[in-house]
Amino acid sequence: MKNIIVVLLVTFIGFSAHAQDKKNKNAKYVTEVNGNCEQCQKRIQKAAYSVVGVKSAVWSIETHQLALIMNEEKTTPLDVKKAIAKVGHDTDEVKATKEDYESLHSCCLYERK
Amino acid sequence: MHKIIILFLAILMSVPVFSQENLQEVKVVNKRKGIQKSFTVTGNTTLITSKELLKAACCNLAESFETNPSIDVNFSDALTGTKQIKMLGLTSPYLMITEENVPSVRGASQAYGLSFTPGTWVESIQITKGAGSVVNGYESISGQINTELIKPINDIPFFLNAYGSTDSRFELNTHFNTKLSDKWSSSLFLHGNARLAKLDMNDDGFLDNPLAKQINILNRYQYYNAEKGWVSFINFRYMNDKKQTGELNFSPERDKGTTNYWGSEINTERLDVSTKVGYVFKDLPYQSIGFQNAFNSHDQRSYFGLNQYNIKQSSYYSNLIFNSIINNTMNKFSAGLNFTYDKYQEFVNINDYSRIDNSVGAFFEYTYDNADDFSIILGGRVDNHNRLGTFLTPRLHVRYNPWEKGVLRFSAGRGKRSANIFAENQPLFASSRTFDILDSNGKIYGLNPEIAWNYGFSFAQKFSLFGKNADVGFDFYRTDFQNQAVVDVMQSAQQVLFYNLKGKSFANSLQLEFNYELVEHLNLRSAYKFYDVRTDYLSGNYQKPLQAKHRFFGNLEYETHIGENGNQWKFDYTFNWIGQQQLPTTASNPVNDRLPEFSKSYSLMNAQITKTFSSTFEMYIGGENIGNYTQEKAILGSENPFGSNFDASIVYAPVFGQMYYAGLRFKIK
């Protein structure tokens with residue numbers, strides 16, 4: 001019984017310690033990503049999460065801002081932008097290829113800058 | 001070394017953790033639909049908003065589910081006027097009932113506890129069918145009902161509600177709310193209700209409804225600091241509830257403890273103090289820690305004719321909870337510890353059943369949500385209880401959206417609890433039955449703990465029909481008892497037997513639901529419910545007594561457009577059809593005090609009209625049991641209440657006929 005509690009606690013602490021350790025493990029970063037609808041939101045966030053080290057990714061339909069919390073030891077904003085461009089959405093540093101852009105659903109064909 | 005220190009700190013901090021989602025849970029729901037069903041939440045949860053609660057204007061939590069099909073409200077028990085609620089065919093002891101995520105109605109308060117929270121205090125209610133979350137404990141079997149009270153931070157400065165009805169019940173609710181500083185807010189809620197006149201509509205010489213008086217005071221403080229991430233609540237509450245019932249001529253001063261006239265008094269005094277602290281980590285919006293503590297003292301002194309029943313429960317509950325993520329916010333977890341201590345001083349006539357129960361437990365709940373069409377919650381907890389032993393409680397919830405606006409859910413889980421056989425079956429004291437416990441080896445009243453598994457699945461689909469919104473729902477749940485503290489009224493009308501389940505006991509519940517906006521502002525809600533609740537008793541296998549196999553529910557609501565100065569009419573009509581119910585056996589009674597094996601089916605209608613004159617003032621009138629259906633014989637052996645055939649506990653339909661009420665609400669914004 002006691003052992004189980006200890007194991008549970010240690011497991012749980014393990015996670016929290018990991019999450020708190022150093023500041024750059026929870027770096028905040030906000031960038032603009034092109035897109036327009038709810039479907040885009042799902043795709044953009046999914047792409048961001050596919051990058052190892054991204055802890056939280058929230059893209060706003062209204063402002064087109066993507067708010068990230070990421071572990072800088074594992075990834076960089078550029079890696080995330082590459083992943084997002086790959087699913088068809090332009091960012092300030094990386095643009096989507098024509099093919100990727102055109103494969104988007106018609107509702108998602110945003111105006112390219 | 002550094003890491004070890006952090007680990008230690010985290011352990012220390014997690015030991016008292018226990019508060020959770022409330023932090024992000026400030027819901028702005030007032031202007032939206034009365035009943036909300038999410039298509040993205042993992043559990044099969046219905047949210048009842050304060051708007052819905054206004055449809056059944058009276059009075060307390062027990063009565064606030066009448067317009068909701070998920071919960072069956074049974075007419076009041078003949079004695080105390082308290083309404084019983086059931087979910088999945090099981091009575092409220094099998095539900096986890098929490099107030100702001102702190103277990104509230106449990107133990108000594110099981111029978112009447114829901115009537116101790118006035119309806120106007122409630123901001124919203126979340127009803128989850130099936131296995132609940134492990135965060136709040138191991139006791140829930142058929143579901144969970146969580147009530148959120150109005151929060152000081154977003155309450156209006158003053159609210160008044162006055163209510164009166166033809167069954168001579170009166171109620172007054174006042175709320176005062178003030179901002180003490182930019183971080184602190186405080187509310188003071190005062191509630192009083194009384195039933196003053198003795199009414200006997202069925203001329204059996206007994207009151208149809210008890211005389212009652214209740215004073216209920218809640219003072220709460222809320223601290224909220226958005227910049228630093230701190231939230232805190234401190235609540236103080238005092239409640240005093242007195243009920244008197246029995247024969248019309250019964251006078252407590254003169255007749256208590258005698259056989260002059262049969263009478264009963266139930267007096268309860270309750271004190272609650274609770275605190276909550278929550279912290280959301282800076283720069284980590286997904287990580288938080290919470291700590292809840294609640295102390296309460298519940299003191300009930302009562303007698304039912306010559307039966308005496310006193311119970312005092314002093315409880316302490318504490319929960320520490322830590323929420324965070326694994327890798328990213330698609331993978332969340334909650335972990336923590338909780339602790340409960342219950343001191344019962346319980347006396348049934350001259351028998352002393354006093355005891356102390358305590359338990360300590362640790363839980364872990366993992367949530368995966370792909371932020372799209374799939375989520376899963378896997379929870380487990382380990383508890384050590386001085387009577388239930390050390391045991392595991394696993395729970396699982398899965399949600400999948402196979403296509404747009406369709407949702408498929410599955411849940412499974414285990415629950416374990418000790419049955420408070422006397423507190424939960426108090427209405428049976430109002431009979432000449434002897435209480436016999438047949439087992440003696442168990443840890444609680446000689447009985448073993450109740451253990452049940454619950455599994456269920458549901459499907460819901462929203463669609464458009466003739467251009468209007470519609471939805472259909474279907475769910476099926478099964479509860480399988482591994483052990484049960486069987487309450488056997490199928491043996492004899494002069495006895496109630498309690499024993500450990502020998503054989504099988506299960507509850508199957510099926511619900512079909514259809515909701516449709518017939519024309520603009522006119523909504524229909526309808527449900528058919530099938531319950532097959534069966535137990536092996538000593539005398540054979542029976543459908544659970546006083547539980548209808550078939551039920552039908554319908555609700556119509558209509559609202560006019562809101563006029564310029566908030567002028568509006570609202571109409572609400574609820575229909576319930578309740579099928580045949582197995583009745584306790586009365587074969588051992590003389591012929592004229594026997595009841596048939598099954599009750600007749602019947603229907604009930606409630607309606608209410610609300611007129612809003614402005615955003616600050618509204619009035620309502622309404623009626624309950626408009627068809628005036630009453631049970632033919634509410635009390636067996638009423639001519640000779642101290643004889644061997646007396647029984648006021650077999651109530652399957654309303655005892656009091658139609659009832660009309662009126663009230664007003666006034667707000668200062």
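Predicted model: local features only at pLDDT ≥ 70, side-chain atom pairs only at ≥ 80, totals over all residues.
**Gln580(B)**

I started with the contacts of Gln580(B): leaving out residues up to four places away in sequence, Gln580(B) touches Gln547(B), Ala548(B), Lys549(B), Phe598(B), Ser599(B) and Ser601(B). Gln580(B) sits in the loop between β33 (568-578) and β34 (602-612) of chain B. I looked up its accessibility too, and at 48% Gln580(B) counts as partly exposed.

**Salt bridges**

How many salt bridges does the structure hold over all chains? I get 42. I picked a few in chain B to look at.

Arg106(B) forms one with Glu139(B), with 3.8 Å between the closest N and O atoms. Arg106(B) is in the loop between β7 (102-103) and β8 (122-129), and Glu139(B) is in the loop between β8 and β9, so this pair ties together parts of chain B that are 33 residues apart in sequence. Are these two partners buried or exposed? Arg106(B) counts as buried at 18% relative accessibility, the cut-off being under 20%. Glu139(B) has 22% and is partly exposed.

Next I took Arg169(B) and Glu171(B), whose side chains meet in a salt bridge at 3.2 Å, N to O. Both Arg169(B) and Glu171(B) are buried.

Then came Arg270(B) and Asp272(B), again a salt bridge, the closest N and O atoms being 3.2 Å apart. I have Arg270(B) as buried with 11% relative accessible area, and Asp272(B) as buried with 16%. Elsewhere in my list, shared partners join Glu52(B), Lys55(B), Arg525(B), Glu557(B) and Asp572(B) into one salt-bridge network.

I traced an open sheet in chain B with six strands in the order β1-β2-β8-β9-β6-β7, and the pairing is mixed. Which strands stand at the edges? They are β1 (35-37) and β7, each with a single partner strand, so one side of each has no neighbour in the sheet. Further in, β2 (residues 45-49) runs antiparallel to β8(B), and five bridges join the two.

On β9 (residues 143-149) I stopped at Thr147(B). Thr147(B) is buried, with a relative accessible area of 1%. What does Thr147(B) touch, not counting residues up to four places away in sequence? I find Leu61(B), Thr98(B), Glu99(B), Glu100(B), Val122(B), Ser124(B) and Ile125(B).

**Nonpolar cores**

The largest nonpolar core has 65 residues. The ones with the most contacts inside this core are Trp262(B), Phe304(B), Tyr309(B), Ile421(B), Phe422(B), Phe429(B) and Phe435(B). I listed the elements of chain B that give two or more residues to this core: β17 (307-326), β18 (328-348), α4 (421-424), β27 (485-488), β28 (495-500), β30 (522-537) and β34. Which element supplies the largest share? It is β28(B), with four residues.

I followed up on Trp262(B). Beyond residues up to four places away in sequence, its contacts include Leu79(B), Phe206(B), Phe250(B), Phe304(B), Pro641(B), Phe642(B) and Phe646(B). A second, separate core has 22 residues, including Leu66(A), Leu68(A), Met70(A) and Leu104(A).

Phe410(B), Tyr455(B), Phe457(B), Phe474(B) and Leu512(B) make a nonpolar surface patch of about 420 Å². Of these I checked Tyr455(B), which lies in strand β25 (residues 450-465) of chain B. Tyr455(B) is partly exposed, with a relative accessible area of 33%.

**Chain A, overall**

Last, a quick tally for chain A. I count four helices and three strands, running α-β-α-β-β-α-α from the N terminus on. Chain A has 113 residues, and 45% of them count as buried. Chain A exposes about 6100 Å², with carbon and sulfur atoms supplying 55% of it.

Methods
Residues numbered from 1 in each chain as written. Chains lettered and ligands numbered in written order. Heavy atoms only, no water. Buried < 20%, exposed > 50% of the residue type's maximum accessible area, 1.4 Å probe, protein only. Contact = heavy atoms within 4.5 Å. Salt bridge = Lys/Arg side-chain N within 4 Å of Asp/Glu carboxyl O. Pairing = 2+ DSSP bridges. Core = buried A, V, L, I, M, F, W, Y, C linked by side-chain atoms within 4.5 Å. Patch = residues over 30% accessible without salt bridge, like charges linked within 9 Å, V, L, I, M, F, W, Y side chains within 5 Å. Areas by Shrake-Rupley, 256 points an atom, 1.4 Å probe, with all protein chains shown as cover.
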